[in-house]
Amino acid sequence: MATIEARGLSLTYRTEDGPVHALSDVSLTVASGEFVSLIGPSGCGKTTLLRVIADLEKPTGGTVRVNGVTPEEARLRRDYGYVFQAPALLPWRRIESNVTLPLEVMGVSRAERRARAQRQLEMVGLGGFGRKFPWQLSGGMQQRASIARALAFDPALLLMDEPFGALDEIVRDHLNEQLLALWARTQKTVVFVTHSIPEAVFLSTRIVVMSPRPGRITDVVPCDLGPQRPLEIRETPEFLRIAQRVREGLRAGHSYEV
Amino acid sequence: MTTALLAAIVAAGFAIAIHTAHAGGGPALWAGLVLLVGLSAWLVGRLAELGGGKSWRGRALALLAPLAFGAVALALWEALVVGFAVPMVLLPAPSAIAQRIAASSGLLLTDFVQTFIKAVLVGYALGGLFGFGVALLVDRLPFLRRGLLPVANLVSALPVIGIAPIAVMWFGFDWPSKAAVVVVMTFFPMLVNTLAGLAETGRLERDLMRSYAAGHVQTLWMLRLPAALPFIFTALKVNAPLALIGAIVAEFFGSPTQGMGFRITTEAAKLALDLVWAEIVVAAVAGTAFYGCVALVERAATFWHPSIRA
Amino acid sequence: MRFRETALPVLVVAAALAVLWYLAAIALNWQVVANTLARSGQHFGTWDILAGTLGYNRPLLPAPHQILDELWRSTVPLPVTSRRSLVLHGWITLEAALVGFGLGVAAGVLAAVAIVHIRALERSLMPWIIASQAIPVLALAPIVIVALGTLGLEGLLPKALIAAYLCFFPVAIAMTKGLNAPDLLARDLMRTYSASRAQVFWKLRVPSSLPFLFAGLKIAAAGAVVGAIVAELPTGAQAGLGARLLSGSYYGQTLQIWAALLAAAMLSATLVGLLAATERLVNRRMGVRA
């Protein structure tokens, strides 16, 4: 059974300037254990697609199944963890209680919460920072904490919406490496929204290229760079070939018309 | 060092001037006062350059300028009122007010208990609780929210204090009618601010709770109420002086023979202005202390908010 | 669309409040009316009590139509010079409030300009102005009235001074905040032009202070009306809305109290409304989006 199965998805917003087709006839299947990136310019519907999968948005047409059930059922049984563009940590909670927030909602016992938070914080390299408040940490550390929070209840599916978009490139490289290691270790399924070609190629097993007006899929690029990917892989011909194909896919969608 | 010396000179100067004034004054006093005012301006200017920053030392030093300003104003008031022999009806000297406070402390305490402990505190607590409770209810019904918010905003701008005679009619002359006025006056700021605070939660945070399939109560308790706290404290701070004003002015419309507002009106009519000023001092101290307590609790409860941690 | 989003909910809430008011009036006045009817010795039924609760002339809570009727009778058919005319009393209060508003706003703005330009004042005076927010300034009203009364000043001026006093603090605080509002970038930009202090003031500080000023003005206007009304209480003034409230309270004239209260509310709402409209006009001219 595929982890995500979308068939002919469309989503149209009604605005004062007429209808906006955020998604138009989008079909996509994500198998268990895959790392799939959605890439495209702003307005191509990549974030909308992720939000539909997470039941944060209802499609106006088509069907989605997540682990064989509707997105709403998947959400209610807490099938996925979601990481936003911004850390969205609650400033009145220490880092550790931010990580335990989903566990509190789900009614996990206090001792169990503590243990899991500690484990996840160590996994993202924040072992010694549990007692800090979010605003005492750098932007990169805050985003790592928010990833730890998404992992806290150990969902098999991780939905990430441009999680590193607001960070500078050095921090971003570092977090990309860590995310890759984490994915290799935990075998989770990841759907990752980005607008950076190198980031998508570096991380993914498959890259979904999207274009705007209406939001649709223009190309799906397999990305078989193997599980071991040092940062230097970005200079290899294989890497550059895949990046080139993604770039062409973006261009073919007239995505950078001004 | 020169600043300390200057401060000593100004203090000694004012001490001599006030002493001279009590002894009968004279032209030398006026010349001395003009000189002292000049020196004080210089002193305050120098003190204003001190302190600043977040350290305790910096904060303490930053207090020096306003304290010196206040002390100079008080000393000047004393010297001028005594030196010019200003009639008590117009403006009593600070020393006369201080003597009256010492002499009538029992009376002042009775009035304070009647007005502050009973009317203000009870009304403030009830008004805040009602406002908060109604805000929680209204928050669940967007239609009611859209309809009630403009009405509540309008009422906030109205002279609510005018309901005092009606409150007297309904609840009698004693403190419950004053507390009722305070309830109405503090209700609307709390309602409006709590609603604004509950709307303050960011979209990301709400989506986050939704992705956890959190219920309404969980989202309220874990996310929206903590996020609304700064707004709720704004209302509590606005309401503190409002409650005191409401209780005092409500007593202008009739009260038993005690209470700060009652004393102020009756003694003013008898031209016993020193006692009126003594009540004002009590009211000012009570108001500042009340506000200060709320502000302290606010600092502890919303330590995470950018405006507090900066 | 806009009607359903904004006006409709307000209308529904207002209607609901009116219905609640009528129900409350019936409930609160029931006992008094029933007793009165019983004393009169006539035969009466539930329906008579019900009708009585909404038409009683000294009710515990008058029905809304009674208040409007009283407001009508004390304004339209009377000459404005009549002692019973609410127009006369309203004008007396409004006059004091307006004069006080003008004085208080002028003083507040001047204080703010001085504070942002003289560092010593900002550090020494500003803490006191802020602290004064916590002090029940209105309690000073009787003192001002009595003190000025001994100097032979009565009527408009003492009331206006109290209103001015209430206007001063919010305006001074808001205006200081507003004049200090331009961020560092904008101030640095003016520095690169080597703009003079006056140029920085008029081109940068004043425009960015306007939203703050209007917020302060609206608080001040409401305060001015309250100040003028309360200033009429301690000396038992003969005219003004405060005097109407007081005399209504003495003689148990419920309708008179409510009519004066409504008149005061209308004055206050009109002043604040005018200021809000001016604010919108200024905002539009300065290109601020609503």
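How many residues does the contact take from chain B, and how many from chain A? The contact takes 15 residues from chain B and 18 residues from chain A, where two residues count as being in contact if their C-beta atoms, placed from the backbone, lie within 7 Å.

Before I go on, a word about the model. Residues are numbered from 1 along each chain as its sequence is written, while chains are lettered from A and ligands numbered from 1 in the order in which they are written. This is a predicted model, in which local features need pLDDT of at least 70 and side-chain atom pairs count only at pLDDT 80 or more, whereas totals for chains, interfaces and linings use all residues.

Returning to the side of chain B that touches chain A, the elements that give two or more residues are helix 9 (203-211) and helix 10 (216-251) of chain B, and the largest share, 6 residues, comes from helix 9 of chain B. Helices here are DSSP runs of H or I with at least four residues, and strands are runs of E with at least two, numbered from the N terminus. By class, this side of chain B has 9 nonpolar, 2 polar and 4 charged residues; Ala, Val, Leu, Ile, Met, Phe, Trp, Tyr, Cys and Pro count as nonpolar, Asp, Glu, Lys and Arg as charged, and the others, Gly among them, as polar.

Chain B also meets chain C, with 47 residues of chain C in contact with 51 residues of chain B. On the side of chain C that touches chain B, the largest share, 8 residues, comes from helix 12 of chain C, and the residues of that side divide into 36 nonpolar, 8 polar and 3 charged.

Let me turn to chain A, which holds an open sheet of 3 strands in the order 2-1-4, with antiparallel pairing; two strands pair if DSSP finds at least two bridges between them. The edge strands, each pairing on one side only, are strand 2 (18-30) and strand 4 (61-66) of chain A. Strand 1 (residues 4-15) of chain A pairs with strand 4 of chain A over 5 bridges in the antiparallel sense, and A:Arg7 stands opposite A:Thr63 in strand 4 of chain A.

Finally, consider one residue of chain C: C:Ile118 lies in the loop between helix 4 (86-117) and helix 5 of chain C.
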